[in-house]
Amino acid sequence: MHCRHSIKATSIYLFVTFFTIISCNKSDDTNEVADQPMLPETVDLTHLPFGGTTPTNILIRNQGDPQPDFLSLWLCGLPSNGAGNADASDWTNPDGTWDYTRKPQVDGNITWMSEFNVSLDNNGNRIITGNALPDHPTGIFPITAGSVAYQYDGNPNIITEHLVNYTLPAIPEVAATASCAGFGPSGISLTGSAIYHGASTLGNDAAAHEIFDRFGGHTDGTETYHYHFPSEDLQDHIHKHESGHSVLMGYMLDGFGIYGPYGEDGELLWSADLDACHGHTHPVLWDGEMIELYHYHWTNDFPYNIGCFKGTPQ
């Protein structure tokens, strides 16, 4: 059964928490939008919508949410020992949006010996190996005591290397039903480091609350450097967008690719342009060929990368 949405924009920031969903019936992995709002054609980083508040919900399967929903993130569960920042008030706007430019960043310019390789084995598999360290500089972790960032997030964790060894389908297929997202890596960036979904272990919008370096990344209790937000520095490092569809930025753990925030004809995409898993299907460049394939997109609004797994995650 398909989900029909009628969305009415109620301010200049339209989708940014100022729209009303008139009617919605949930489905397991697909959604149709009857009347799309007029979404912004440029990114205003000073007014971004918080995730975790209706209609951009954080749904938790083991707490009674049995399926994904449009604009939301579907988690399998929350850890019992969640940590991170819960106070975003200093960069929250009076209209309820948040200002990325006012949120402190982790300072530093630490370089790493990154190892990363992607290959096809001619047996229908994509083999991804590496050490999980990024091929760009990061901020200083643990966050330096006394810094502005430390006042909000005293992240005590370091960055260490980890074995990356994924065997993914070379041509992934859409599963019969979507899968919820767990904690830890949801994908791997072409920088060599992990992509995490959009929620923190506290169950809030990680991008809006937690403190990152300029690449939209930080580390956690597993000492894994990872991304929650597609910062401009991250996008430009992989490939600066000039026109047309965004380039591939990584692979999610069901094998589908994740591209930057620009779709066909170079149109800036928002979560409202995508399905409940935060993707769609059309011809994309895949291993050097244009093929019709489902794929995800990074966007500048929650849930940022995936809302659920469209395929079968490793």
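Predicted model: local features only at pLDDT ≥ 70, side-chain atom pairs only at ≥ 80, totals over all residues.
How do the residues of the lining of the largest cavity divide into nonpolar, polar and charged?

1. Lining of the largest cavity. The lining comprises 4 nonpolar, 5 polar and 2 charged residues. Among the residues that line this cavity are Gln235, Asp236, Ile238, His239, Lys240 and Met249. Helix α3, which covers residues 232–239, gives the most to this lining, with 4 residues.

2. Lining of the second largest cavity. Tyr100, Lys103, Pro104, Gln105, Phe212 and Asp213 line the second largest cavity. These residues divide into 3 nonpolar, 1 polar and 2 charged.

3. Position of Thr299. Thr299 lies in the segment after β16 (289–297). Is Thr299 buried or exposed? Thr299 counts as buried because its relative accessible area is 0%, and the cut-off for buried is under 20%.

4. Surroundings of Thr299. Setting aside residues up to four places away in sequence, Thr299 touches Pro230, Pro261, Leu269, Trp270, Ser271, Leu274, His278 and Tyr304. Trp270 is 29 residues from Thr299 along the chain, yet their C-alpha atoms are separated by 5.6 Å. Pro261, one of the residues touched by Thr299, is also one of those lining the largest cavity.

5. Polar contacts of Thr299. The Thr299 side chain makes a polar contact with the side chain of His278 at 3.2 Å. A polar contact also joins the side chains of Thr299 and Asp301, at 2.8 Å.

Conventions
Residues numbered from 1 in each chain as written. Heavy atoms only, no water. 1 Å grid on protein atoms, 1.4 Å probe; cavity = no way out; pocket = protein on both sides within 12 Å on 5 of 7 lines; lining within 4 Å. Helix = DSSP H or I, 4+ residues; strand = E, 2+ residues; numbered from the N terminus. Nonpolar A, V, L, I, M, F, W, Y, C, P; charged D, E, K, R; others polar. Buried < 20%, exposed > 50% of the residue type's maximum accessible area, 1.4 Å probe, protein only. Contact = heavy atoms within 4.5 Å. Polar contact = N/O pair within 3.5 Å; in protein donor to acceptor, adjacent residues only side chain to side chain.
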